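Hi everyone, thanks for making time this morning.

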Amino acid sequence: MRPLPALALAGALLLTGCADLGYYWQSASGHIGIMRAAKPVPEWLADPAVSAPLKAKLELTQRIRRFASAELGLPDNASYKSYADLHRPAAVWNVVAAPPYSLTLKSWCFPVAGCVGYRGYYSEDAAKAEAEAQKKQDLEVAVYPVPAYSTLGWMNWAGGDPLLSTFIGYPEGELARIVFHELAHQVLYVAGDTVFNESYATAVERIGGAMWLQREAGEQARREYAQFDGQRQDFRALALNTRRALTQVYESPEAKAKDWAKVEVMKQAAMTDFRERYAKLKEGWSGPRRNAYDAWVARANNAAFGAQGAYDDLVPSFEKLFEHEGHDWPRFYTEVRRIAALPTTEERRSALQAATGIMQTHSSPEQKNGDHGA
């Protein structure tokens with residue numbers, strides 16, 4: 001799985017007066033540091049010290065940026081028209097946590113942004129420290145690097161979200177997808193519904209990425225993308241099956257009877273099956289990104305599966321909705337906004353199901369807003 005693009009919501013955190021001042025200070029100062037490092041793309045292109053490969057990638061991003069607005073109906077604003085070299089491997093590191101026998105992510109609640117199933121840090125050491133604190137609460141924890149995030153358009157007045165060194169080196173198809181994903185968050189955002197937000201943005205990136213490759217990319221870029229995307233779809237199918245298997249375990253009669261010893265045995269059997277099936281799946285893969293999922297599989301747990309589900313579980317529904325709306329982007333966004341405006345998670349899921357006919361998997365339960373971490 002490629003690093004999950006996340007909604008760190010740093011712009012919103014600049015507005016908050018919550019009591020956890022240390023956390024909010026690192027969020028605000030971290031985002032300000034990124035903004036200060038950013039310069040308009042033309043300045044980078046005019047700098048003789050900038051390498052030719054970087055200039056080529058920056059020129060490519062501007063073509064992708066124009067395509068996003070002209071062909072996908074995504075906002076034409078200041079975002080992704082500047083670039084920042086962060087001199088680190090990730091923009092932020094996200095911490096996710098889940099109970100030993102549930103895929104329900106712990107949620108952290110913030111003003112404006114609502115409740116989300118992760119907590120982001122601009123320092124990897126700080127993220128690891130938070131992870132250790134969550135482990136002491138008997139939660140399973142995952143820490144993952146985030147190459148990009150969206151401030152939902154709130155920071156466009158200050159230059160917008162910049163392109164970052166953390167993802168500028170991605171292959172063409174992946175680079176297009178990440179820009180489309182983050183811009184999609186600027187179209188709409190539902191406070192407190194991570195699965196809806198991320199699945200919607202992932203659908204936009206997949207549909208838009210396929211359009212970019214078909215219309216704008218060269219044959220080599222299409223071949224490179226097709227090889228890795230085939231592996232990605234294989235892995236996502238395996239992970240979905242595992243999330244369903246784990247959900248069955250956690251909703252089993254043994255779990256309801258709180259026979260945790262038996263539940264643990266069933267859980268470990270599901271995890272062993274996952275890793276064995278992954279090893280067999282990987283035997284048929286080739287190419288430079290054949291090992292892209294190894295680290296994820298090695299540390300997979302409830303938190304990791306829960307976070308992945310947020311990006312995947314409703315994607316087929318949104319893809320079907322785009323088809324239902326005649327492959328018309330304005331109509332699609334109008335319908336998504338209509339559904340997003342419904343007051344509850346249950347109503348949004350029901351409306352999405354009614355519009356598409358796709359039953360929800362419920363493989364990644366919603367965050368419980370009563371479990372606050374902030």
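First, some ground rules. This is a predicted model, so local features need pLDDT of at least 70 and side-chain atom pairs count only at pLDDT 80 or more, while totals for chains, interfaces and linings use all residues. Residues are numbered from 1 along each chain as its sequence is written, and side-chain values use heavy atoms, with hydrogens and water left out.

Now the overall picture. The chain has 15 helices and eight strands; helices here are DSSP runs of H or I with at least four residues, strands are runs of E with at least two, and both are numbered from the N terminus.

Why do we call the radius of gyration of the chain in agreement with a compact globule? Because a compact globule of 374 residues would come out near 21 Å, and the chain has 20 Å. That radius is taken over C-alpha atoms, and the globule rule is 2.2 Å times the number of residues to the power 0.38.

How much of the chain is buried? The share is 55% of the 374 residues, where buried means under 20% relative accessible area, exposed means over 50%, and partly exposed is in between, using a 1.4 Å probe and protein chains only.

Contacts next, meaning heavy atoms within 4.5 Å. Among those between residues at least 6 apart in sequence, 77% join residues at least 24 apart.

For charge, I have 42 positive and 44 negative side chains, and the centres of the two sets lie 1 Å apart. Lys and Arg count as positive, Asp and Glu as negative, and His and the chain ends are not counted. Each charge is placed at NZ of Lys, CZ of Arg, CG of Asp or CD of Glu.

On to the cysteines. The structure holds one disulfide, which by definition is a pair of cysteine sulfur atoms within 2.5 Å. The partners are C109 and C115, with their sulfur atoms 1.8 Å apart. The torsion about their S-S bond is about 100°, so this disulfide is right-handed. C109 counts as buried at 16% relative accessibility, and C115 is also buried, at 12%.

Finally, the loops. Take H87, in the loop between strand 2 (82-84) and strand 3 (92-98). H87 is not a glycine, yet has a positive phi of about 55°, and at 70% relative accessibility H87 is exposed.

K258 is another non-glycine residue with positive phi, near 60°. You'll find K258 between helix 9 (253-256) and helix 10 (260-283), exposed at 60% relative accessibility.

G284 sits in the loop between helix 10 and helix 11 and is exposed at 66%. From G284 to K267 is 17 residues in sequence and 27 Å in space, C-alpha to C-alpha. A292 is in the loop between helix 10 and helix 11 (294-298), and is partly exposed at 34%. A292 and Q231 are 61 residues apart along the chain, with 9.5 Å between their C-alpha atoms.

Thanks, and I'm happy to take questions!
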